[in-house]
Amino acid sequence: MKTLKLLILTAATLTLLGSCEGPLEEEIFSQLAPSTLLTSEEGMSSLLNSAYANAHLQNVAAAWSVPYLGGNPAGELWGAGGSIESLWVQLQDFTWGADHSQMSAQWSTFYAAIRDANIVLDNIDNPDFGSDFVALTTAEVHFIRGWCYSQLYNLFGPVPVYLSSLDDPLQAKASEADMLSLIESELNLAIDGLPTDAAFGRGTRGAAMGILCKHYLNVRRWQDAADMAQDVMDLGVYGLEATYGEVFSMDNEGNSEFIWALTKSPTAGVNAQNALTYPPDYPRPYANNGVFAARTYLFDDFVNSFDPSDQRRDLIVTEWVSTGTGATITGLGMDQLFPAKWAWDPGSVGWMAGNDIPMVRYADILLRGPRP
């Protein structure tokens, strides 16, 4: 019987092979289809959305790197446990290399956004596109590139610059002067072309101003930073929340203090901050909240530097009760205080949460604005 089945299978295979007249045609889905994607406003909008997704660091590794690339080298945070521990140590000790996963994730994801934005700009000159669509899309491309290049510069200094999808891929890095000029030019073009209001997560005039304000501050152009901060204030569209906690509340996302934020959801560019902060026996408010073995701690010295009346102290866990042993665990005095500003997401999917990450807040602008 086995022999008969084998003969039948062999005959069927030979019949199929014999019926083919030439090589099989394979449909490729991993390449752009210019005839449809780049010749309609709908297709171009889809590609622009891809650029936005990368600009929002919706790559998983890049998504959780933001607080650590800032907090660990600054001496605010340290970490223990889990496979990410060695990465934290490298950030704390300034021993990271080009292969550091968080650094490489930022590099590749920001450049992916620039690539997509460049393809849009290379194909925007189409007589079938409406003039308003062309103007707004072009301004959004400049916004995305200005944001991404400003962040790459913050992390790496001058980097290779690509302004077209046709550029030589082996570009040398730009000079310091050219890099700074490009960032300023891109953001000013965005300021000139973007609306004051847009769907949350898209570029706006205020967001471009806020990013440029922080860029000026980072390159020590103090008066330019103050002037740009004043321009943001003069828009009259942003304000402070009543309490520090409300800024990060899940019920208050997209609030008036958010000028530019990285949008997150449990399924797109997730925020893993809480999962990387609390231990498995920490009391979590929702059954669907998940954590890793990794923990994120604040140093005592950093927390003690706050004024006693500082509202940020209200969102720092100094002691907690283990769900496993029932014991009270004290972190103060042990350099093991938990940063608790990120609210637990009731809609999380395990460790994957949807807390948006503000990159420019109105509070930042007020601190950088002109002094009376």
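The following questions and answers concern the predicted model shown above.

Me: What percentage of the residues in the protein is buried?
Reply: The secondary structure comes to 14 helices and 8 strands, where helices (H or I, at least four residues) and strands (E, at least two) are DSSP runs numbered from the N terminus. Buried means under 20% relative accessible area, exposed over 50%, and partly exposed in between, with a 1.4 Å probe and protein chains only. Of the 372 residues in the protein, the buried share is 45%.

Me: Which residues are in contact with I144, leaving aside its neighbours within four places in sequence?
Reply: Contact means heavy atoms within 4.5 Å. I144 is among the residues of the largest nonpolar core that touch the most other members. With the neighbours within four places set aside, the contacts of I144 are L48, A51, Y52, A55, A113 and A117.

Me: Which elements pack against the buried residues of helix 11?
Reply: Helix 11 (residues 222-235) has 14 residues and reaches 21 Å from its first C-alpha to its last, close to the 20 Å expected at 1.5 Å a residue; the expected span is 1.5 Å times one less than the number of residues. Its buried residues include A225, A226, M228, A229, V232 and L235. They pack against helix 9 (176-193), helix 10 (205-218), strand 2 (258-262) and helix 14 (362-368).

Me: Which residue follows helix 11?
Reply: Helix 11 covers residues 222-235. The residue that follows has a positive phi, near 70°. This residue is G236.

Me: Which helix gives the most residues to the lining of the largest pocket?
Reply: On a 1 Å grid over the protein atoms alone, a pocket is an open set of points with protein on both sides within 12 Å along at least five of seven lines, a cavity is a set where a 1.4 Å probe fits but cannot get out, and lining residues have an atom within 4 Å of a point. The largest pocket has a volume of about 1500 Å³, a volume being the space filled by probe spheres set on the points, which are joined across faces, edges and corners. Of its 43 lining residues, V66, P67, G70, E76 and K341 are the closest to the centre. With 6 residues, the largest contributor is helix 8.

Me: How many charged residues are in the lining of the second largest pocket?
Reply: The second largest pocket holds about 280 Å³ of space, and L240, Y244, E257, R361 and A363 are the closest to its centre among 15 lining residues. Ala, Val, Leu, Ile, Met, Phe, Trp, Tyr, Cys and Pro count as nonpolar, Asp, Glu, Lys and Arg as charged, and the others, Gly among them, as polar. By class, the lining has 7 nonpolar and 2 polar residues, and the number of charged residues is 6.

Me: What is the volume of the largest cavity?
Reply: A search of the whole structure finds 2 cavities of 30 Å³ or more. The largest cavity is lined by 14 residues, of which N274, W344, G350, W351 and A353 lie nearest its centre. Its volume is about 70 Å³.

Me: Is L57 buried or exposed?
Reply: L57 lies in the loop between helix 3 (41-55) and helix 4 (60-63). Its phi is near 55°, a positive value in a residue other than glycine. With a relative accessible area of 2%, L57 is buried.

How values were computed
Residues are numbered from 1 along each chain as its sequence is written. This is a predicted model: local features need pLDDT of at least 70, side-chain atom pairs count only at pLDDT 80 or more; totals for chains, interfaces and linings use all residues. Side-chain values use heavy atoms; hydrogens and water are left out. A nonpolar core is a set of buried Ala, Val, Leu, Ile, Met, Phe, Trp, Tyr and Cys residues joined through side-chain atoms within 4.5 Å.
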